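Subject: Structure for your review

Dear colleague,

Please find below the structure that I am handing over to you. I would be grateful if you could read it alongside the notes that follow it.

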Amino acid sequence: MTTTEDFQVSLGAAERYEDRFVPAIFAEWAPLLADIAHVGPGQAVLDVACGTGIVARTVADRVGDTGRVTGVDLNVGMLAVARRIRPDLDWRQGDAAALPFEDGTFDTVLCQMAMMFFPDRAGALREMARVARPGGIVALAVPAALEAQPAYGPFVEMAARVAGPDVVSLLSTYWACGDVDELRRLLATSGLEVVDLRTHAGTARFGSPDELAVTEVEGSPLVERITDEVYAALRAGARQVLAPFTGPDGTLQAPLHGHLVAARVPS
Ligand SMILES: C[S@@+](CC[C@H](N)C(=O)[O-])C[C@H]1O[C@@H](n2cnc3c(N)ncnc32)[C@H](O)[C@@H]1O
């Protein structure tokens with residue numbers, strides 16, 4: 001596969017992310033994250049692991065002409081979509097583990113629904129604190145723990161029954177930052193002082209329970225490990241355990257609980 005084809009594949013996935021998952025899951029959290037961080041006119045804001053840029057776009061409207069917004073992500077496909085939608089904002093390729101900015105460049109650093117994917121979370125937080133100015137804010141949105149998820153919890157339990165207990169670890173990355181005490185400890189050990197922490201009951205919207213099952217399976221290593229029969233059983237199980245969240249028209253509104261936290265960089 002050539003580099004161009006690689007890029008096209010990831011661009012297609014990024015377009016699907018923007019069309020399907022941003023409205024279904026992520027858009028709801030962006031204004032809440034901007035609120036808890038008190039993003040306002042004139043600020044310089046960084047969106048870490050910006051994806052297709054929903055947080056950056058949301059805060060751009062708040063900082064206005066006197067402010068400045070930068071989005072950084074590892075994935076060039078995500079950045080290409082972000083740039084297509086808002087060519088006026090600053091989009092950079094970079095790793096949360098080594099942010100490509102000078103110390104103290106931003107008033108506020110935001111990171112939505114990505115911290116759980118970073119191999120060194122304390123290191124990434126130290127980087128966010130480094131590129132924020134002294135007294136500035138670092139704010140995160142992360143999904144709550146699986147045990148606190150009224151729809152995803154029963155889904156993963158069902159998947160473990162159908163596909164074997166190993167499934168739990170394969171489907172667990174998403175919930176890895178969900179323990180509030182651990183989150184507070186992580187921020188403290190990274191030299192940040194928590195100033196606000198809220199838990200929000202959000203909603204993940206899908207066309208059907210099948211769609212949630214397909215998203216979970218195909219977005220995880222599970223897809224390579226299960227037979228067609230097990231996959232079909234998982235979809236049937238999803239219809240059953242997600243019935244309480246499925247409307248008469250078949251669409252699914254699955255509760256998705258998450259934490260929003262704002263922390264101050266020492267002055
Ligand atoms: C679930 S998406 C969230 C994107 C965006 N914040 C949103 O709310 O729509 C996770 C993003 O994290 C990015 N990502 C994962 N690891 C990263 C890293 N080490 N540095 C920068 N971005 C990373 C991925 O490329 C992806 O765009």
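The notes below describe what was found in this structure, which is a predicted model.

Buried positions

I begin with Asp 73, which belongs to strand E2 (residues 68-73). Asp 73 is buried and yet has no salt bridge. The nearest side chain of opposite charge is that of Arg 83, 11 Å away. A salt bridge requires the nitrogen and the carboxyl oxygen to be within 4 Å. The side chain of Asp 73 does, however, reach the backbone nitrogen of Gly 51, at 2.7 Å.

Helix H4 covers residues 76-85. Its buried residues include Gly 77, Met 78, Leu 79, Val 81 and Ala 82. Gly 77 also takes part in a contact at the start of H4, where a side-chain oxygen of Asn 75 comes to within 2.8 Å of the Gly 77 backbone nitrogen.

Pro 143 is part of strand E5 (residues 132-143). Its relative accessibility is 1%, so Pro 143 counts as buried; the cut-off for that class is under 20%. Between Pro 143 and Thr 227 there are 84 residues of separation in sequence and 29 Å in space, taken from C-alpha to C-alpha.

Positive phi values

For His 38, phi is near 55 degrees, a positive value. His 38 sits in the loop that runs between helix H2 (29-36) and strand E1 (44-48). With a relative accessible area of 59%, His 38 is exposed.

For Met 113, phi is likewise positive, near 55 degrees. This residue is placed in the loop between strand E4 (106-112) and helix H5 (121-131). Met 113 has a relative accessible area of 6% and is therefore buried.

Yours sincerely,
A colleague

Note on methods
Residues numbered from 1 in each chain as written. Predicted model: local features only at pLDDT ≥ 70, side-chain atom pairs only at ≥ 80, totals over all residues. Heavy atoms only, no water. Helix = DSSP H or I, 4+ residues; strand = E, 2+ residues; numbered from the N terminus. Buried < 20%, exposed > 50% of the residue type's maximum accessible area, 1.4 Å probe, protein only. Lys, Arg positive; Asp, Glu negative; His and termini not counted. Polar contact = N/O pair within 3.5 Å; in protein donor to acceptor, adjacent residues only side chain to side chain.
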